Amino acid sequence: MIEINEIFGPTIQGEGKRIGNPSVFIRFGKCNMSCEGFEVEYETPSGIKKCSCDSYYASDIAFRDSWKKYESSKPLIEEINKIIPSYNVDIVITGGEPLLYWRDVEFQKLLKYYIDFGLEVTIETNASIDIELVHEWQKKILFSMSVKLSNSGESLEKRINKNTITNIIDANNQSYLKFVIDKDFLPKASLEIEEILKNIPSCDVYLMPLGDTAQLIDENSLSVIEFALQKGFKYSDRLHIRVWNNQRGV
Ligand code: SF4
């Protein structure tokens with residue numbers, strides 16, 4: 001069964017390699033991490049106070065009752081197609097952690113439908129779950145791998161899966177890594193990213209400023225740009241946060 005937190009668009013992709021592209025987002029429910037280190041405070045529907053990332057409503061199963069359940073990809077595709085405009089858009093699969101559904105045959109049908117249709121499909125993932133890409137069509141998927149650093153609060157064993165990162169880059173060498181960091185974390189981030197890049201195939205690396213408001217993004221962006229320039233990494237802004245702050249579904 002596929003669980004969907006929200007479908008929205010057309011809007012623009014706010015970050016990464018396809019920044020600015022008109023896109024339709026499909027946000028999957030569930031995550032294998034909680035990333036308490038990102039310190040976004042929220043309350044569950046039953047009133048429990050917790051701390052996680054800015055996508056807590058999609059990652060925390062406490063919100064599961066509000067997610068839409070699909071036994072088959074067909075009604076989900078019908079739902080998505082209602083908001084696809086007459087021009088080409090990218091399909092962005094996000095979460096939560098969408099690769100929790102990788103072995104689900106209906107998830108694979110959904111991906112294949114849009115690849116066969118000729119649309120660009122991006123999967124936004126933390127890249128920590130074991131996956132293999134065996135079909136040629138799967139190699140057309142762009143993976144935007146937001147691998148977590150220690151500022152997420154997650155353990156090294158849980159957040160770094162070099163086999164999966166390698167499988168993904170071997171399948172599609174346009175796939176890339178991105179790291180969300182703030183100015184105080186830069187020295188540690190430098191060492192941690194260096195360690196992650198050892199023994200994996202080469203790929204683009206994007207750095208993005210931490211923050212769930214335009215003000216926080218502003219506070220971090222210059223230091224992150226300077227660090228990216230020192231290290232030869234790319235910088236990606238987070239346009240959706242600059243324009244819409246942390247408003248959902250835009
Ligand atoms: S892996 Fe991503 S979606 Fe999951 S808790 Fe961490 S930041 Fe949120």
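This is a predicted model: local features need pLDDT of at least 70, side-chain atom pairs count only at pLDDT 80 or more; totals for chains, interfaces and linings use all residues.
Residues are numbered from 1 along each chain as its sequence is written.

User: What makes strand S6 (residues 90-94) largely enclosed by the rest of the structure?
Analyst: A strand here is a DSSP run of E with at least two residues, and a helix a run of H or I with at least four, numbered from the N terminus. A residue is buried if 20 or more other C-beta atoms, placed from the backbone, lie within 10 Å of its own, exposed if 12 or fewer, and partly exposed in between. Five of the five residues of S6 are buried, so the strand is largely enclosed. Both faces are covered, with Asp90, Val92 and Thr94 on one side and Ile91 and Ile93 on the other.

User: How do you know that S6 pairs with strand S7 (residues 121-125)?
Analyst: Pairing requires that DSSP find at least two bridges between the strands. S6 and S7 have three, in the parallel sense, and Ile91 stands opposite Val121. S6 also runs parallel to strand S2 (residues 22-28), joined by five bridges; there, Phe25 has Val92 as its bridge partner.

User: Which residues touch the most other members of the largest nonpolar core?
Analyst: Such a core is a set of buried Ala, Val, Leu, Ile, Met, Phe, Trp, Tyr and Cys residues joined through C-beta atoms within 7 Å. Of its 41 residues, they are Ile91, Ile93, Val121, Met145, Phe179, Ile181 and Leu207. Strand S9 (residues 176-181) gives the largest share, five residues.

User: Why are the buried residues of helix H3 (residues 105-116) said to line one face?
Analyst: Phe107, Leu110, Leu111 and Tyr114 are buried in H3. The arc is that of the directions from the helix axis to the C-beta atoms. Seen down the axis, the buried residues fall within 90°, so they line one face of H3. On the other side, Val105 and Asp116 are exposed.

User: What makes the span of H3 close to the expected one?
Analyst: The expected span is 1.5 Å times one less than the number of residues. H3 has 12 residues, with 16 Å expected, and reaches 16 Å from its first C-alpha to its last. Just after H3, Gly118 takes a positive phi of about 95°.
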